[in-house]
Amino acid sequence: MSVKQSLLAILDQGPCYGYQLRSEFDRRTGSTWPLNVGQIYNTLERLERDGLVEKGETDAQGHVFFEITDAGRAEVRSWLGSPVERGQGTRDELAIKLALAATLPGVDVTEVIQTQRRASLAQMQELHRAKYSGADPDGPEELAWSLVVDSMIFAAEAEVRWLDHTEQRLALRPEHTMGLELSTQRPKRGRPAVAATKETVR
């Protein structure tokens, strides 16, 4: 998630101070991804450094309002008009965990999968039971909340399907073909040695 672009998009609606930005972010995402105020002010400092926001007025309570610049507005338009790029490599902890478990001798990878499936199903059921607690069940804040929760439900469902698929694939492989012992080939560190030439030996 891009905190930077999210805060800029809110500031594009008008000047805000730090706590106000956190409140607005919560309202627009259903409080499903809480931001701490320190993270917000660190991001604001970077945005100011990059010329995307600037400090405006300070109110009677000492709140410093930040205002978006023209460059910041252009950044918001670019962000909203561009697709979210998914990385080619995966850093998903579960995928890495199962890939390692499948190749570690003596590990019952089926039990690892079943443990995760139980947790994923429990999370999915909890999300299905979740109820919006705001004042207006038909308002825009409820819609924002439900969009994020729907995304989490679909992600949990996809995770369970992937676990089923992984378990089926592993069931087709004899256990003795999956374990990888430590390699006896030692990786070389640093740059490869340069072959000696007439110039280097002189």
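Two residues are said to be in contact when heavy atoms of theirs lie within 4.5 Å of each other. This passage describes a predicted model, in which local features need a pLDDT of at least 70 and side-chain atom pairs count only at pLDDT 80 or more, while totals for chains, interfaces and linings use all residues. Residues are numbered from 1 along each chain as its sequence is written, and side-chain values use heavy atoms, with hydrogens and water left out.

The protein chain contains eight helices and two strands; here helices (H or I, at least four residues) and strands (E, at least two) are DSSP runs, numbered from the N terminus. Along the sequence, these elements follow the pattern α-α-α-β-β-α-α-α-α-α. Of the 202 residues in the protein chain, 26% are buried, where buried means under 20% relative accessible area, exposed over 50%, and partly exposed in between (1.4 Å probe, protein chains only). The accessible surface of the protein chain is about 15000 Å², and carbon and sulfur atoms account for 52% of that surface; such areas come from the Shrake-Rupley method with a 1.4 Å probe, and for residues only the protein chains shown count as cover. When contacts between residues at least 6 apart in sequence are considered, 58% join residues at least 24 apart.

Next comes the interior. A nonpolar core is a set of buried Ala, Val, Leu, Ile, Met, Phe, Trp, Tyr and Cys residues joined through side-chain atoms within 4.5 Å. The largest such core has 18 residues, and L8, L11, L21 and L44 have the most contacts inside it. Elements giving two or more residues to this core are α1 (3-11), α2 (18-29), α3 (37-49) and β2 (64-68). The largest share, six residues, comes from α1. Leaving out residues up to four places away in sequence, L44 touches L11, L21, V53 and F66. Apart from this core lies another, of eight residues, including L98, A102, V109 and L170.

How do the helices pack? Two packed helices are described by the angle between their axes and the distance between the axes. Axes are lines fitted to C-alpha atoms, for helices over the stretch in contact, and angles run from 0 to 180 degrees between N-to-C directions. The axes of α1 and helix α4 (residues 70-80) come within 9 Å and cross at roughly 115°. This makes α1 roughly perpendicular to α4, given that angles under 35 degrees count as roughly parallel, over 145 as roughly antiparallel, 65 to 115 as roughly perpendicular and the rest as oblique. On the α1 side, the contact is made by K4, Q5, S6, L8 and A9, and on the α4 side by G72, E75, V76 and W79.

Helix α5 (residues 93-103) packs against helix α6 (residues 109-129) at an angle of about 160°, with the axes 9 Å apart. The two helices are therefore roughly antiparallel to each other. Their contact involves L94, K97, L98, A101 and A102 of α5 with V109, V112, I113 and Q116 of α6.

Two single residues complete the picture. S120 lies in helix α6 and is buried, with a relative accessible area of 1%. Beyond its neighbours within four places in sequence, S120 is in contact with A156, E159, V160 and L163. T69, in the loop between β2 and α4, is also buried, with a relative accessible area of 14%. Setting aside neighbours within four places in sequence, T69 is in contact with G51, L52, V53 and E54. T69 and E54 are 15 residues apart in sequence and, from C-alpha to C-alpha, 6.9 Å apart in space.
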